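Trainee: I would like to go through the strand pairing and the sheet packing of this model. Could we take it step by step?

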Amino acid sequence: MSKNSAGSRIPAGSKVSVRGLRKSFGSNEVLKGLDVEISEGEVVCVIGPSGSGKSTFLRCLNKLDELSAGTVIVDGFNLSDKTVDLNEVRQHIGMVFQHFNLFPHMTVLQNIMLAPVELKKQSTATARASALKLLDRVGLAEKADARPAQLSGGQKQRVAIARSLAVNPDIMLFDEATSALDPEMVGEVLQVIRDLAAEGMTMVVVTHEMGFAREVADRVIFMADGVIVEEGTPAELFGNPQQERTQDFLSKVL
């Protein structure tokens with residue numbers, strides 16, 4: 001569904017529908033006309049070289065970056081509409097960044113409870129019960145009263161995932177969620193994302209972990225120079241890439 005200027009949500013055929021998306025920073029055009037459709041429950045991994053526009057694309061999906069042109073409808077909210085209520089939109093979309101952005105003065109539990117209490121006006125008791133369940137879900141039940149400084153990088157990222165899940169989103173966006181982690185911590189974060197995929201969560205995952213993309217994705221999008229060069233199932237894209245640019249990239253990372 002989509003939210004129009006009257007404030008109501010209107011039907012949409014896809015969970016994410018992107019048409020002609022362009023994004024410029026000054027004279028630098030980072031996204032050069034993207035067209036993407038993502039279905040409910042689909043896991044889409046976005047790969048490509050640094051500077052190809054992957055993170056900017058993800059940030060446009062919850063309007064952390066303003067759109068320069070085109071239409072983006074996410075979970076029925078038309079982000080191209082200037083009157084769209086972004087606070088309401090972002091209650092439907094969870095986003096996990098490279099860096100954890102946890103509040104250092106709060107406990108793990110308080111970090112997770114913050115959005116449900118402040119945005120969704122949940123009672124403290126309800127938010128606490130949900131937060132404890134989420135911590136158990138990401139394997140950190142024993143860390144509820146810890147501060148972020150007491151956690152490893154992998155643990156912080158798992159808390160960040162739990163915090164994003166606390167508003168019960170319909171879609172999860174992951175922007176290189178493992179790139180800031182030491183190699184031995186990568187697996188524990190990827191396992192949480194695997195579990196979400198198995199539960200049917202709609203996800204868009206920007207990643208440089210090719211083995212993970214091959215295993216988890218329903219579809220892989222390869223971006224370079226601000227455009228979608230090629231997309232397909234993991235078997236198609238990794239096993240038989242059609243475009244020379246895709247072949248060149250994969251030859252260097254596989």
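Trainee: Which residue in E4 is the bridge partner of Val-16?

Mentor: This is a predicted model. Strands E3 (residues 16-25) and E4 (residues 28-38) run antiparallel and are joined by eight bridges. Val-16 belongs to this pairing, and its bridge partner in E4 is Ile-38.

Trainee: Which residue in the turn of the E3 and E4 hairpin has a positive phi?

Mentor: Two residues lie between E3 and E4 in the hairpin. A positive phi, of about 65 degrees, is found in the turn at Gly-26.

Trainee: Which strands stand at the edges of the open sheet, and why is one side of each left without a neighbour?

Mentor: The sheet has six strands with mixed pairing, in the order E8-E9-E10-E5-E11-E12. Each edge strand has a single partner strand, so one of its sides has no neighbour in the sheet. The edge strands are E8 (93-96) and E12 (227-232).

Trainee: What is the bridge partner of Val-46 in E10?

Mentor: E5 (residues 43-47) and E10 (residues 202-206) run parallel, with four bridges joining them. Within E10, the partner of Val-46 is Val-206.

Trainee: Which strands does helix H6 touch?

Mentor: Helix H5 (residues 153-165) packs on the sheet and touches E8 and E9. Helix H6 (residues 183-198) also packs on the sheet, with its direction at about 150 degrees to that of E10. The strands touched by H6 are E5, E9 and E10.

Key
Residues numbered from 1 in each chain as written. Predicted model: local features only at pLDDT ≥ 70, side-chain atom pairs only at ≥ 80, totals over all residues. Heavy atoms only, no water. Pairing = 2+ DSSP bridges. Contact = heavy atoms within 4.5 Å. Axes fitted to C-alpha atoms, helices over the stretch in contact; angles between N-to-C directions.
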